Amino acid sequence: MDLSKIFLKDACPTPVGGQAVMEGIMMRGLQRTAVAVRLPDGRIHMKTQPNRKMGKWTTIPLLRGVVSFVMSLVQGTGILMYSADVLEANWTGDEEEEESKLDLWMKKTFGEKGAWNIMIYLSVIIALVMTIGMFILLPTVIANLLKPVIESDFVFNLVEGLMRIVIFVGYLAIISRMKDIKTVFQYHGAEHKCIHCFENNLELTPANAQQFYTLHPRCGTSFLLFVMVISFVLHLFLGWPNLTLRIVSRLLLVPVVAGLSYELLKWAGRSDNWLVKILSLPGLYLQKLTTNEPTDEQLEVAIAAMKAVMVPEDTPYFEGICDLDGNLIEENIIERKTKKEAAEE
């Protein structure tokens with residue numbers, strides 16, 4: 001790995017960040033967010049929308065990391081579900097999936113928007129429960145089983161921390177072999193290449209973007225690894241009480257770990273000294289699992305999304321088919337309809 005191609009000397013860091021979605025990319029600028037999805041017919045569907053106004057909590061160190069993490073999780077889940085809806089609405093196959101009775105009941109009871117919001121928050125809650133259970137509580141329980149053969153609290157914490165990292169890396173290695181996830185990771189790589197290209201003041205073209213690594217020092221993957229390392233350090237000071245107190249302490253420290261990890265990631269993103277490079281190395285190697293080399297067509301989607309957020313503040317928001325520069329060429333708002341409703345029309 002050539003770190004000079006990641007911590008680029010003349011690069012000008014941009015506040016734009018992104019996320020890979022189903023067959024596409026979300027880019028978030030200072031004023032707006034753009035979600036670009038490559039449709040089965042090759043066209044690019046784009047939706048731009050204003051960013052939510054940041055409250056005073058986002059200016060307070062440590063606390064802003066917790067708020068940012070929760071907001072990103074909610075927004076990221078919603079955007080991921082939206083991209084799946086876009087693909088479903090533009091599916092060209094013969095098979096159509098009938099909505100379940102639960103979906104129909106929720107829309108009838110809470111309305112289209114209400115049902116959508118409920119599904120997002122339920123998905124976030126389920127994701128948090130699974131994440132905390134698998135990567136926080138499970139290593140603690142497994143390490144506790146070794147109590148009869150380990151006397152040192154330090155060794156207990158070391159074993160628990162190593163188990164947490166092994167489970168996390170193993171999970172990523174397994175899902176990275178799935179076909180759909182491979183494509184998502186390609187778009188993740190496209191996002192990083194596009195941002196590298198922009199930060200180096202090069203014209204945003206697939207050819208220019210392809211020369212950069214798929215690894216980026218401000219990636220959220222590095223944030224997750226910072227969480228693992230910081231949690232290990234903090235847990236060293238807690239000794240090894242009984243299992244119940246151990247689990248409670250882990251849960252109570254989650255916001256603290258998230259806040260510290262966020263501050264460390266921000267510092268690493270705006271610095272390029274030797275210490276930052278050393279701290280960033282594990283996260284960069286982990287990105288080799290979460291990013292794949294993108295095709296030129298996937299880079300086109302990333303570039304369109306990037307250009308769509310780098311526009312004057314008074315540019316109208318839109319939803320529809322766009323060109324490679326992120327400009328609307330055909331309005332095509334996605335509507336979620338049942339098969340019965342479509343037939344009645």
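Tutor: Among contacts in the protein between residues at least 6 apart in sequence, 70% join residues at least 24 apart. Contact here means heavy atoms within 4.5 Å.

Student: What sort of model is this, and how are residues numbered?

Tutor: This is a predicted model, in which local features need pLDDT of at least 70 and side-chain atom pairs count only at pLDDT 80 or more, while totals for chains, interfaces and linings use all residues. Residues are numbered from 1 along each chain as its sequence is written, and side-chain values use heavy atoms, with hydrogens and water left out.

Student: How many helices and strands are there in the protein?

Tutor: The protein has ten helices and six strands. Both are DSSP runs numbered from the N terminus, with helices (H or I) of at least four residues and strands (E) of at least two.

Student: And what percentage of the residues count as buried?

Tutor: Of the 345 residues, 39% count as buried. Buried means under 20% relative accessible area, exposed means over 50%, and partly exposed lies in between (1.4 Å probe, protein chains only).

Student: Which residues are buried in α1?

Tutor: The buried residues of α1 include R64, G65, V74, Y82 and L87. Helix α1 covers residues 63-89, 27 residues in all, and reaches 39 Å from its first C-alpha to its last, close to the 39 Å expected at 1.5 Å a residue. The expected span is 1.5 Å times one less than the number of residues.

Student: What lies over the face of Y82?

Tutor: K47 does, at 4.9 Å from the ring centre. A charge sits over a ring if NZ of Lys or CZ of Arg is within 6 Å of the ring centre and within 35 degrees of the ring normal.

Student: On to the strands. How many bridges join β4 to β5?

Tutor: Four bridges join β4 (residues 44-50) to β5 (residues 319-322), and the two strands run antiparallel. In this pairing I44 stands opposite C322. Two strands pair if DSSP finds at least two bridges between them.

Student: Which strand does β5 join through three bridges?

Tutor: That is β6 (residues 328-331), which runs antiparallel to β5. The bridge partner of I321 there is E330. The hairpin of β5 and β6 has five residues between the strands, and G326 takes a positive phi near 75° in that hairpin.

Student: Where else is phi positive, in a residue other than glycine?

Tutor: E23 has a phi near 55°. E23 belongs to the loop between β1 (17-21) and β2 (24-28), and at 31% relative accessibility it counts as partly exposed. N201 is a further non-glycine residue with positive phi, near 60°. N201 is placed in the loop between α4 (179-199) and α5 (206-209), and with 65% relative accessibility it counts as exposed.

Student: How many salt bridges does the structure hold?

Tutor: The structure holds nine salt bridges. A salt bridge is a side-chain nitrogen of Lys or Arg within 4 Å of a carboxyl oxygen of Asp or Glu. One of them joins the side chains of R38 and E300, at 2.9 Å from N to O. R38 lies in strand β3 (residues 32-38) and E300 in helix α9 (residues 296-309), so the pair ties together parts that are 262 residues apart in sequence.

Student: Finally, where is Q287 found?

Tutor: Q287 is found in helix α8 (residues 274-290), where it is buried with a relative accessible area of 0%. Leaving aside neighbours within four places in sequence, its contacts include H192, T214, H216 and C219.
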